[in-house]
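Work through the exercises below with the sequence and the model open. Try each task before reading its solution.

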Amino acid sequence: MITRRTSLIVTLGFTLLLLALWRVDASPHRVWEGLGKLGWLVVLMLPPSPGGALPDLLRALAETLAMAFLGTLLAALVALPLAFLGAGTVVANAWARFTIRRGFDGLRAIDSLVWALIFVSAVGMGPFAGILALALPDIGTLAKTFSEALEATERRQVEGVRGAGASRLLVIRYGLLPQALPVMLSQVLYVFESNTRSATILGVVGAGGIGLALSDRIRINNWDEAAFILLMVLATVALIDGASRWLRLRLIRA
């Protein structure tokens, strides 16, 4: 049975949706006209064609994968020591943990695309800017998830290592890390497959990779080549998603 409160919430939500559509000028005429143009673009995309540039496109795709991998690797290496500072099982001071975790949130709050625009201006166009743009927000994401994995460890195993006379460093090494490591590696794999998609977008703003080639084709209206590049990206992401999911399941079960 629908209560009065639920009805009020639904009405309010519907009203806010109508106001939002009015603000963005989503009139039926504009939507219909946009669908017509989209259909025209789809026709121009058929059949997809590499346009005689398949070797260059494969090199650009490899560059995108390298950006995603190196960005993820850099983020994981930096996030691991930071995660210990944000974990309650390692740092007992609540204010210190609060400050450190807010730093993680600050890194995650800015999207990779914004960081790419900043780094392209700072270090110039190319994959190096893309690697930095991927790594920086991922440091915050991985440090947060790593610290949560450390806090979710079983206390009895930690106390057992400590009771054997181990130092604080050995307690972390043999008590905390073996329990949290499968979850940490699973998170790294997930971030890598996400970065494969993000790296494509970063190329559009000059951070190198296949996204730059896609942006060029769209700019000069070579829609058949743009469709071929999109299919390459979709196939690559699908393969990485499948392999990453298989590895994550094996790590979690282990």
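**Exercise 1.** Is N221 buried or exposed? Describe its place and its backbone as well.

Solution. Step 1: the relative accessibility of N221 is 53%. Buried means under 20% relative accessible area, exposed over 50%, and partly exposed in between (1.4 Å probe, protein chains only). N221 therefore counts as exposed.
Step 1: N221 lies in the loop between helix 9 (210-219) and helix 10 (223-253). Helices (H or I, at least four residues) and strands (E, at least two) are DSSP runs, numbered from the N terminus.
Step 2: the phi of N221 is near 65 degrees, which is a positive value in a residue other than glycine.

A note on the source: this is a predicted model, in which local features need pLDDT of at least 70 and side-chain atom pairs count only at pLDDT 80 or more, while totals for chains, interfaces and linings use all residues. Residues are numbered from 1 along each chain as its sequence is written, and side-chain values use heavy atoms, with hydrogens and water left out.

**Exercise 2.** Which residues of helix 9 are buried, and how does helix 9 cross helix 3?

Solution. Step 1: I210, G211, A213, L214, S215 and R217 are the buried residues in helix 9.
Step 1: the axes of helix 3 and helix 9 come within 7 Å and cross at roughly 130 degrees. Axes are lines fitted to C-alpha atoms, for helices over the stretch in contact, and angles run from 0 to 180 degrees between N-to-C directions.
Step 2: angles under 35 degrees count as roughly parallel, over 145 as roughly antiparallel, 65 to 115 as roughly perpendicular and the rest as oblique. Helix 3 and helix 9 are therefore oblique to each other.
Step 3: helix 3 makes the contact (heavy atoms within 4.5 Å) with L57, A60, L61 and T64, and helix 9 with I210, G211, A213 and R217.
Step 4: sorted by class, these are five nonpolar residues, two polar and one charged. Ala, Val, Leu, Ile, Met, Phe, Trp, Tyr, Cys and Pro count as nonpolar, Asp, Glu, Lys and Arg as charged, and the others, Gly among them, as polar.

**Exercise 3.** Which residues touch the most other members of the largest nonpolar core?

Solution. Step 1: a nonpolar core is a set of buried Ala, Val, Leu, Ile, Met, Phe, Trp, Tyr and Cys residues joined through side-chain atoms within 4.5 Å.
Step 1: the largest such core has 20 residues, and L142, F146 and L150 touch the most other members.
Step 2: helix 3 (54-85), helix 6 and helix 8 (168-204) each give two or more residues to this core. The largest share, seven residues, comes from helix 6.
Step 3: leaving out residues up to four places away in sequence, F146 touches A76, A79, L80, A83, M184, Q187 and V188.
Step 4: a second, separate core of 15 residues includes M45, A227, M232 and V237.

**Exercise 4.** Where is T196, and what does T196 touch?

Solution. Step 1: T196 is in helix 8.
Step 1: with a relative accessible area of 3%, T196 is buried.
Step 2: not counting residues up to four places away in sequence, T196 touches T64, L65, A68, V237 and I240.
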